[in-house]
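Biologist: Let's go through this model together. I will ask what stands behind each term.

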Amino acid sequence: MTAKKPGHSFLQKLFTNLARSRELAILALMVVIMAIVSLRTSAFFTFNNFKDILLDISMVSIVAIGQMMVMITTGIDISVGSILAVSAMAVGSIVRANPEVNPFIAILIGIGIGMLLGSFNGFVTTFMKIPPIITTLGTLSFFRGIVYIISGGTWVMAHQLPEGIKEFTMRTTFGIPFLVLFAIFLGIIFYFFVNRVPIGRQIYAIGSNYTAAVLAGIRVKLVNFIVYVISGALAGIAGVMWLSRYAIAANGTATGFELQTVAACVIGGVSVFGGSGTIPGVFMGAFFIGMINNAINLIGISEFWKQAFYGLAIILAVITDAVINNRLRRRKNN
Amino acid sequence: MAKTIITPILELKGISKSFGGVHALTDVYFSLQPGEIHALIGENGAGKSTLMKIIAGVHQPDSGEIIIKDQIESFHNPLVSQNHGIAAIYQEPTLYMDLDIAENIFMGHHPQYPGIPYIKWKEMHQEAARLISLLGKQMNVYSKVRGLSIAQMQIVEMAKALSMNARILIMDEPTSALTQNEVADLFHLIRKLKLDGVAVIFISHRLEEVFEIADCVTIFRDGRFVDTKFIKETSENELIRLMVGRTLDTLFPKKQVPITDEMLRVEGLCKNGLFRNISFSLHKGEILGLSGLVGARRTEVAQAIFGINPPDQGKIWIQGKLKEIDSPNAAMKEGMAYVPEDRQMHGLILGMGIKENITLTVLRQFVKLALVDNNKEGEFASGIAQQLEIKTAGLWQKAQELSGGNQQKAVLAKWLGTKPKILILDEPTRGIDVGTKAAVHQLMGDLAEQGVAILMISSELPEIIGMSDRVLVMCEGNLTGEFSRAEATQEKIMKAATRRSVP
């Protein structure tokens, strides 16, 4: 294979390497930020603080796995926050009435709810040919409405939840909470799914060149449908985790959560034009967000900045990608 | 076809296919022997690509039979066709840029562990490397397809075909983007496949290549089967005659108009990788036809002149003055207008009314105190619409509700509003009905009479011959022929259009 010519300047080399490995680029940026924050406060570089960051990002990471798959197909799922809330509220109501339900059964129920709602998204986008941004914008509101219908406007409070549900995410193994381990476990499962299972690879195929995928005999509609079901299922799982970790199911649970998952993906190198994205990248994107969140708190910057940060981070990440791609293309043409 | 010795590996009988009322194929016959290299030739729109897609299972015929190994089969999707050992290499690349070479080869039929949907990753890469070395090449099968040359991508496509154990390989214009050395390489590979008993259907515009590689050749014209010939028993002239062999019975309302001052002259236009050394002139009252087959880059030349994609090199004179035209706006200032080929994509804003479409190019004329004077705009639009006889329920009607012919008239109206001195028409009558076609031709004659200089790109030989005062022919980015109205014949033009380099 013809190797790319080495860059002529340091900047070009840097660009090439950043474009080649997004993970490396975020890592470098994170190290810089960590160094700066550590200089400002000693509370940052501690085991407990990192545990907090990991706990905070676990749910984002789980949902971002599904978001990544949807985005690879050139779609987007902005209803994940609402799916999460439906799952949390429904499961919360069930265990309030039946305290004996095992947490793992609760997770299965959450998965089922998520798959059901996800398949609605998948059906409308795939078979009714509605653009995913419109479909999931609609279901963002539709599913949120279901939360209110289930709850009747009330919350499931901590004292109404059985201990088993409340503690299982925090149970530690070697000092690491179950929630974190579970997110890593899902990450590994889906790493193999998207890298080694035919359907997983076909997700990349349809996002990379849809016509080619059709011509190759791939069942493009099925694959497209499945990614929304998976995205829903993962949001459903996250709903149960949310219920456990925060011991509450509120009507406004996870409002705006979709933005964090998209941010994790985009920062983690998932292309907004589809066709590429990796699980390690998404996890690093999620960690990056969690770290900035944490730093904002520790340094004492106003909470209000967080919202602005998510939006800006997405735009900055996409601009960086565009700049890098343009540079590479221009160099290739010359 | 003279004699059939072995039973054909693939036979198509009575295949017809139409798209939205337009007949792409009518009652077509085609037969392929094992281990033969069978060229498929014909003008643009002759139905070659449609036939290919039917064999590959992408399109389903409206009627007719596909017989493979003595069995009538229906190829209702590409997978079925693949399972019958048919692989297709399309003109547009069907590769996944961000995936590695091995995956590109095996996408859709990944090697898996028995009973488990888990890809044998290492074996897949070893097998990919083996297939590529079978083709006599070396590649790192772990590297991404992005960054490969077109020739290398073609190797990947060929390896993909091999990976499916293809017995029939269809290639649509595989040589159009290759250098001469790469073409030689490709032919070497095709012959190798032939020795293994693979039958190859080779679609090409280049007759010299057909004579070099093919055993037989089938000619299509206007969606119909014309003939199949053994390559040894035919000649270039005969093939050209068969490709164009219709009688010129359509009457064209060509007016004799005095051809006077030079309006446009281009010299040495080049655009890297697209076209080179294009020089010609265009005069007042003249209709200059620009002919050629798909990939001749005629549209690219027109768009370069109109400033959409300015050329890398070359000079443009307008009415004897050297001009720098770097944008459509600059071109319009010089009195140029360009009516694009794809009306829906480039010509009309479908969701807008006809009036708004017509006045889009000249809206500034009607502005009074920063607002558009609606009455003036309406008068102007209805004037032109009447002149062109655009049939509408009213000028408020949305462009998308018009018929193809009336849409084409609306596009023309939009540009005629600018009162162009130089008018470039890209396939002005493609896909419109006969009546509207005649009206457009009539209009072209009228415009020429009024002193407009017209450059007409057309893939229809009768139209080129019927309407042009002079004919230019392009082939793959080169000007390969120029004929006066008296000289131009279908055969001469087709010969120039299939010639690779300047004679």
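Modeller: Start with chain A: it has 334 residues, and a compact globule of that length would have a radius of gyration near 20 Å. Chain A has 21 Å, which agrees. This is a predicted model, in which local features need pLDDT of at least 70 and side-chain atom pairs count only at pLDDT 80 or more, while totals for chains, interfaces and linings use all residues. Residues are numbered from 1 along each chain as its sequence is written, with chains lettered from A and ligands numbered from 1 in the order in which they are written.

Biologist: How many helices and strands does chain A have?

Modeller: Chain A has 14 helices and two strands. Chain B has 17 helices and 22 strands. Both kinds are DSSP runs, numbered from the N terminus: helices are H or I with at least four residues, strands are E with at least two.

Biologist: Why is H4(A) called oblique to H5(A)?

Modeller: Helix H4 (residues 80-97) of chain A and helix H5 (residues 103-127) of chain A pack at about 140°, with axes 9 Å apart. Axes are lines fitted to C-alpha atoms, for helices over the stretch in contact, and angles run from 0 to 180 degrees between N-to-C directions. Under 35 degrees counts as roughly parallel, over 145 as roughly antiparallel, 65 to 115 as roughly perpendicular and the rest as oblique. That makes H4(A) oblique to H5(A).

Biologist: What makes up the contact of H4(A) with H5(A), by class?

Modeller: Residues are in contact if their C-beta atoms, placed from the backbone, lie within 7 Å. Among those making it are Ile83(A) and Ala90(A) of H4(A), and Ile109(A) and Gly110(A) of H5(A). The contact has ten nonpolar, four polar and no charged residues. Ala, Val, Leu, Ile, Met, Phe, Trp, Tyr, Cys and Pro count as nonpolar, Asp, Glu, Lys and Arg as charged, and the others, Gly among them, as polar.

Biologist: What makes H3(A) oblique to H13(A)?

Modeller: The axes of helix H3 (residues 47-72) of chain A and helix H13 (residues 279-299) of chain A cross at roughly 135° and come within 8 Å. That makes H3(A) oblique to H13(A). This crossing is right-handed. The contact includes Asp52(A) of H3(A) and Phe283(A) of H13(A). By class, 13 residues are nonpolar, five polar and two charged.

Biologist: How many residues of chain B are in contact with chain A?

Modeller: 25 residues of chain B touch 18 residues of chain A. Helix H2 (residues 78-83) of chain B gives the most to the chain B side, with three residues. That side has 14 nonpolar, nine polar and two charged residues.

Biologist: Which domains divide chain B?

Modeller: Domain 1 (10-244), domain 2 (249-335 + 420-503) and domain 3 (353-418). The bounds come from an automatic or database domain assignment.

How values were computed
Contact = placed C-beta atoms within 7 Å. Rg over C-alpha atoms; globule rule 2.2 N^0.38 Å. Left-handed = near helix turned anticlockwise from the far one by under 90°.
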